[in-house]
Structure formats: C-alpha cells, structure tokens
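Here is a short briefing to read alongside the model.

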Amino acid sequence: MQQTRAIEIGTGLFVLFGIASLLFMVTQITAERVGVQRVGYVLTAEFENIGGLKVGAPVSMAGVTLGRVIKIEFNSKDYRALVEMRIDPQFDKIPNDSDAAIFTQGLLGNQYIGMTAGGSETFYKDGDRIELTQSALVLENLISKFLVNFAEGKSRSAEEAPK
Amino acid sequence: MITLLRELWRSTREALVQLGRVFLFFLQLLAFTPAALMRMRLIVHQIFNAGALSLVIIMTCGLFVGMVLGLLGYDLLSRVGSEEVLGAGAALALTKQLGPVMTALLFAGRAGTALASEIGLMRATDQLSAMQMMAVDPVRRVVLPRFLGGVVAMPCLTAIFISIGIFGVQLVGIQQVGIDSGSFWSQMRSAVELDDIREGMVKGCVFGVACSLIAVYEGYNSLPTAEGVGRATTRTVVISSVATLLLNFMLTAFML
C-alpha cells in the first residue's frame, strides 16, 4: 500500500511536470497572450508602403516595445496600407503629434514600427490616428535610386571630360 | 525468377496481414478503453513506469540535444552575422521536429522495450494463459493499462524534452558564447507561434499511440520462448523507429 501511494505521488509529479513544461512553452517562447488580449488602446496609421511588416510586429519608442500591430488592411480609396496597433495601457502619455515609421531590425531582421515622441501637451487616446508616417525603406528602391545617381554622375563627368 | 517473385509476393502479403492485425488489435484496445478508465490505479501505475522512469534519459538527452543545437547554430549563424536568430531557429526546430521525434525514439528504446519484454515474458511463462483460465481477460488487465500509460506519458515527455532542450540552447547561446539574452528571447517569441507548439504536441500524441501500440502488440504476440521475447523486443525498437520517422514525414507534410 505504501509503495502504491509513492507511485501515485510520483505519477502525479510527473504529469504536473509535463503540464508545467507545456505552460512554459506556451507562455515563454511564443509572443501570443493567451486569453487577456483586450487591454490597452488602439491607434491607426496609414503608410505609403509597409514593406514586410506583419501582424504581431512590435511598436516601439526609444527602443522600448509599447505594443503590437494587430491588423493590416488595404485602403482602396487612396491605395495605402492601414495599420492598426494596440498599445499597452501603461504607455498612456504619448504626445499626439508623435510620428511613426517602419524600420528593420538588424540587416535582415523583421520589420517594426518605430515612433518618435512629438512635443504636444495632449496625448494619444483610443482610436486616434497617427498623421505623420514614413514608409518602409525598400531595398530595391534604394539600390535603383543609388544606381541612377551613380549613372548620372558618371555621364556628367564624361560630358565634362572632353572640354 | 518465378520463385523470387513468389517470395516477394509472399512477404508483401505477410506485411499486409501484420498491418491488418495491428490495426484490429488497436480497435480492440479502443473498444475496451472506456471500461478501463474506471480502473485508474492500473493506468497510473503504468504512467509511472513508462513516463516517470523515462524522465532521466529524456531530460539528459534533451539538454545535450539543445546544447549541440546551440553550438552548431551559433557557429553557422555567426558566419552571416545574425546570431540572435539562434533562439528562433533552435526553438522552431525543437518544437516542430527534434522534440517529438527524439522523444519517440528514446521512448521506444526505454519504455517500449520494457513493455514488450514484460508482456512477452508473461506470455513465455504462461501467466497470460493462467489469467485466461481465471476468466480474466489479459488484454484488459495487462495490455490495455500499459498501452494507455504510454499514450499519456508520451506527450508529457515531449513537452519536457522541448523545454529542457530550449534551456540547453539558452545555456550555450547566452551563458557560454554570449548572445544578448533580450534579442535571443524576443526573436524566439516573435518566430514561434501557438500553431507550432500545437504541431509538436499533436506529433507527440500520435507517436505515443504508435510506439505504445507496437510495443504491446509485439509483446503480446511474441513466441513463448526466450528467443521469442528477445526478438519481440528488437522488433519493437526497429518498427517503432521506422514508424516514427515515417509518421513524422506524413504529419509534417500534412501540417506545413
């Protein structure tokens, strides 16, 4: 009887350990908040081009993550991307003329929204729209711009050379 | 030539017959399951045997697999200068592939052989026949609790393996080679989704059913000799490993 009891306790501990591991996986290695998702307030912003921004991407200011992108839509009126983001409730003192831009983490990393604080005395609240936005830098555009400049510079120097 | 073809046909037919028998055995076990759940004590005992006793091997192997993954991943990723991705890559590899497959292989080697040889020895020493004489169904009394114990233990072991593996990756990645811990965890969190964990756990459950089924089937149908028990144990490991890898391919293709 004593032995059976020990085995039952051991089994209980084992299953508990398994469930604890599963819980660790769900809470620690994924970013998804299970259950409590309805906290914080929602801001929207329209971008010319969002590049590779995805739902779930962080929204940060000064390098600190304030919230996440929750929805990306296409605005068919003016052909721009409409991004909705949820900001955590403790960050409720963001000036309402702050601007948002899309940056890339590292050289090949994920894209995120970086905000820069403005100087306004009033703060963003639920449902507000960020008016000042800056699109993602698309690498191909940069390269083609650079090549065009480079070619122009070359032809100019070629014209100047015969004189 | 004709004899060769005939031989080939014969062995193919034999394999099909075996597959059919395993499946029928599985259906039989499923049919008895509701009644067996009434006798939890037997199952608890087997969860302890299959699960808690495999804990040491699962944890050490998980730790070392994670550490190797950390070292190799760091070596490879530092060449392209993006070491922070290590957390994401290793976590995905562990949850989706390495965790379930390695756990199933170790489970077949540790718990599967124990099940097969235990039941096989009962067969060889006529304990199963004695039970039948006493109007106790050996499938219900001996085989089913062991099968269910394995089925419950395997997902738990998979979760433990994955967690310990990630701990191992972290141990090498952050403590030893010095990747920034913030970006390590945040890259991991942004890469791993709930679906990936679900995939890993579904695989763990499927492998658990497959490995336990093969072990109890081989043990129950072993020849009642010392050699027969040995052969059943060997076949358990071989068939479980092949079945695990085959099922893994199918599940991966299915859930991609």
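Of the 256 residues of chain B, 44% count as buried. For chain A, buried residues make up 21% of its 163 residues. Please keep in mind that this is a predicted model.

**Chain B overall**

- Along the principal axes, the C-alpha atoms of chain B fill a box of roughly 70 × 55 × 30 Å.
- If you take the contacts in chain B between residues at least 6 apart in sequence, 88% of them join residues at least 24 apart.

**Helices H3 and H4 of chain B**

- Two packed helices are described by the angle between their axes and the distance between the axes.
- For helix H3 (residues 55–80) of chain B and H4(B), the axes come within 10 Å and cross at roughly 145°.
- The crossing of H3(B) and H4(B) is right-handed.
- On the H3(B) side, the residues making the contact include Ile57(B), Cys61(B), Gly66(B), Gly70(B), Gly73(B) and Leu77(B).
- On the H4(B) side, they include Val85(B), Gly89(B), Leu94(B), Met102(B), Leu106(B) and Arg110(B).
- By class, the residues of this contact between H3(B) and H4(B) divide into 15 nonpolar, 5 polar and 1 charged.

**A closer look at Leu94(B)**

- Leu94(B) is found in helix H4 of chain B.
- Why does Leu94(B) count as buried? Leu94(B) has 29 C-beta neighbours inside 10 Å, and a residue is buried if 20 or more other C-beta atoms lie within that distance of its own.
- Leaving aside residues up to four places away in sequence, Leu94(B) touches Gly66(B), Gly99(B), Ile162(B), Gly165(B) and Ile166(B).
- Leu94(B) and Ile119(B) are 25 residues apart in sequence, and their C-alpha atoms are 33 Å apart in space.

**Helix H2 of chain B and its cover**

- Which residues of helix H2 (residues 40–50) of chain B are buried? They are Ile43(B), Val44(B), Gln46(B), Ile47(B), Phe48(B), Asn49(B) and Ala50(B).
- The cover over the buried residues of H2(B) includes helix H1 (2–28) of chain A.
- From chain B, that cover includes helix H1 (2–36), helix H4 (85–124) and helix H6 (138–176).

**Where the chains meet**

- Across the two chains, 21 residues of chain A are in contact with 24 residues of chain B.
- The side of chain A that touches chain B has 11 nonpolar, 8 polar and 2 charged residues.

**Chain A: layout and sheet**

- Chain A has 2 helices and 8 strands, and along the sequence they follow the pattern α-β-β-β-β-β-β-β-β-α.
- Chain A is divided into domain 1 (1–30) and domain 2 (41–144), and the C-alpha centres of these two domains lie 43 Å apart.
- An open sheet of 8 strands in chain A has mixed pairing and the order S7-S1-S4-S3-S2-S6-S5-S8.
- The edge strands of this sheet, each pairing on one side only, are strand S7 (129–130) and strand S8 (133–134) of chain A.
- Strand S2 (residues 58–61) and strand S6 (residues 111–116) of chain A run parallel and are joined by 3 bridges.
- Ser60(A) stands opposite Gly114(A) in S6(A).
- Among contacts in chain A between residues at least 6 apart in sequence, 61% join residues at least 24 apart.

Definitions and conventions:
Residues numbered from 1 in each chain as written. Chains lettered and ligands numbered in written order. Predicted model: local features only at pLDDT ≥ 70, side-chain atom pairs only at ≥ 80, totals over all residues. Buried ≥ 20, exposed ≤ 12 C-beta atoms within 10 Å, placed from the backbone. Helix = DSSP H or I, 4+ residues; strand = E, 2+ residues; numbered from the N terminus. Contact = placed C-beta atoms within 7 Å. Domains from an automatic or database assignment. Nonpolar A, V, L, I, M, F, W, Y, C, P; charged D, E, K, R; others polar. Axes fitted to C-alpha atoms, helices over the stretch in contact; angles between N-to-C directions. Left-handed = near helix turned anticlockwise from the far one by under 90°. Pairing = 2+ DSSP bridges.
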